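Here is a walk through one protein chain, written for someone seeing it for the opening time. Have the sequence and the 3D view handy as you read.

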Amino acid sequence: MNFTKFVNQFLDVMATYYDQNKYNSLREEYEFFRFQRYDYTLENDTLCVKFYFSLDDRYFFTPTFELPGRKFYNWIDIDKNQLDTILFNIGMIELISYWKLACPKKVYIAPHSLDANQIKWWKKLYFNGLGEFFYLNGIVENIDDFMDIVCESDVVCQKINLPLKEMTLVPIGGGKDSVVTVELLKNKMPVIPLILNPRGATKECVGTAGFSKDQVAVIKRTLDSTMLKMNNEGFLNGHTPFSAMLAFYTLLIGFVTKSKYIALSNESSANEPTVADTEVNHQYSKSIAFENDFRDYVKEYISDDIQYFSFLRPINEVQIASLFAKNKNYYKVFKSCNVGSKTDSWCGKCPKCLFTYLIMSPFIPEKELVDIFGKNLLNDNELLPILKQLKGDTEVKPFECVGTIEEVNACLESSHKATENGQVSSSVILHDLLNQYDMVNNLPEQFEAILKDNLFKNK
């Protein structure tokens, strides 16, 4: 072993030791986390909700969200007990962002009770959803010991029983995936777009899809400033399962709009781990494993009627890119770069930008891609280390929502072969990827028919 490699490995070990010690120390210093309560107001069809969390009764957090009124909302048929059910569950997923600051062993739940299976379910979600958080912070834990959930109430949430309509709720994130979903569904059935914390790309995408502002459901979510301050003061920080949080919010919008279907845009590629030969997956709450668990939980504890599924689950990132490429009117408005989200731009330097450029390169001519991103990202030598991670030349993929190693390498072989007519001369691997269909999915029959018709109609 050369000296440089030895030093790097030593520093990695020391960093892990330090963070593990920091984790252990914080857990000793802060004994518990408590979900104290939540309250809400409903005025002029606008719902305002506030959650109350406490870290050892020394730090207090009050995150909020608001649901601005819409004419297509129906609050009349939702009674207080039913609204309590969904708000309590939203609080259960919101709390994990605040618990992770010090990771106390005890978590007390005051508003409602959870049975043993529910506690097991939430621990699994928290543990797997924090897989990236544990990994990057050098924390070694196990699902049995990392948390003990104790309920302080005997009030059981009742299941929600509402008559639902053949409406489909489609969350819009501003990237290519949700664009494909909304484009394929909007002329086939009634669709309501949903945006969480609107930004330029999300608003422009729904506008390009033909929806006016008053036809879009909006959630305005706010993080507590104390947490943000503590992140800068040395408490633990890291990734939380955002898509799981979104899942519970979609249920609320689903009930208030009486939409039977909630169609996500998570693809089969999201199932691949970020760290090879482990279960650490940046996209865990986008995976089929989470989707199945969530559907089971909803059916058992929330509603027998509402259906949550990913419309794009049977297909991969390559197929999504090929479908997106047909919608040129979105080229200038879609954005999925997290770094550039505040300025509504592509930063051109991150894994998400490089992956998006690469996955579309077989289907969109180079000139048009350069027009979208501002440069040919495949010619940027500064991005070579990221490219190696995407290709699988390293043990860890980028901790971003990116496709599989196989997809990346297939697109590299076929990059910039698209003609002005969108035709591509593909490699054998790319051809196989374009003809895949993952049967492990939860699509209702009518949705599957729409997807297959658009995917294979020219084959």
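## A covered helix

Helix H6 (residues 176-185) is mostly covered, with 10 of its 10 residues buried. Buried here means under 20% relative accessible area, while exposed means over 50% and partly exposed is in between, using a 1.4 Å probe and protein chains only. Helices are DSSP runs of H or I with at least four residues, strands are E runs of at least two, and both are numbered from the N terminus. Among the buried residues of H6 are Lys 176, Asp 177 and Glu 183, along with Val 180 and Leu 184.

Before going on, note that this is a predicted model, where local features need pLDDT of at least 70 and side-chain atom pairs count only at pLDDT 80 or more, though totals for chains, interfaces and linings use all residues. Residues are numbered from 1 along each chain as its sequence is written, and side-chain values use heavy atoms, leaving out hydrogens and water.

## Salt bridges

So what does Lys 176 pair up with? Its salt-bridge partner is Glu 317, and the closest N and O atoms are 2.8 Å apart. (A salt bridge is a side-chain nitrogen of Lys or Arg within 4 Å of a carboxyl oxygen of Asp or Glu.) The pair links distant parts of the chain, with Glu 317 in helix H11 (residues 317-324) and Lys 176 in helix H6, 141 residues apart. Both Glu 317 and Lys 176 are buried.

By this rule, the count comes to 21 salt bridges. Another one joins the side chains of Glu 141 and Arg 27, at 3.7 Å from N to O. Glu 141 sits in the loop between helix H5 (131-136) and strand E6 (148-151) and Arg 27 in helix H1 (residues 3-29), so this pair ties together parts that are 114 residues apart in sequence. Glu 141 is partly exposed at 22% relative accessibility, whereas Arg 27 is buried at 7%.

Lys 375 and Asp 380 form a salt bridge too, their closest N and O atoms being 2.7 Å apart. Lys 375 counts as partly exposed at 29%, and Asp 380 as buried at 15%. Salt bridges that share partners also join Glu 29, Asp 56 and Arg 58 into one network.

## Nonpolar cores

Now for the greasy parts. A nonpolar core is a set of buried Ala, Val, Leu, Ile, Met, Phe, Trp, Tyr and Cys residues joined through side-chain atoms within 4.5 Å. The largest one has 83 residues, and those touching the most other members are Phe 65, Leu 87, Trp 99, Trp 122, Phe 248 and Leu 251. Helix H9 (residues 242-256) gives the largest share of this core, 11 residues. There is also a second, separate core of 65 residues, including Val 180 and Tyr 261.

Leaving aside neighbours within four places in sequence, Leu 87 is in contact (heavy atoms within 4.5 Å) with residues including Tyr 38, Phe 65 and Leu 252.

## Two crossing helices

The axes of helix H14 (residues 384-391) and helix H15 (residues 405-414) come within 7 Å and cross at roughly 120 degrees. Axes are lines fitted to C-alpha atoms, for helices over the stretch in contact, and angles run from 0 to 180 degrees between N-to-C directions. That makes H14 oblique to H15; angles under 35 degrees count as roughly parallel, over 145 as roughly antiparallel, 65 to 115 as roughly perpendicular and the rest as oblique. Leu 387, Leu 390 and Lys 391 of H14 make the contact with Ile 405, Val 408, Asn 409 and Leu 412 of H15.
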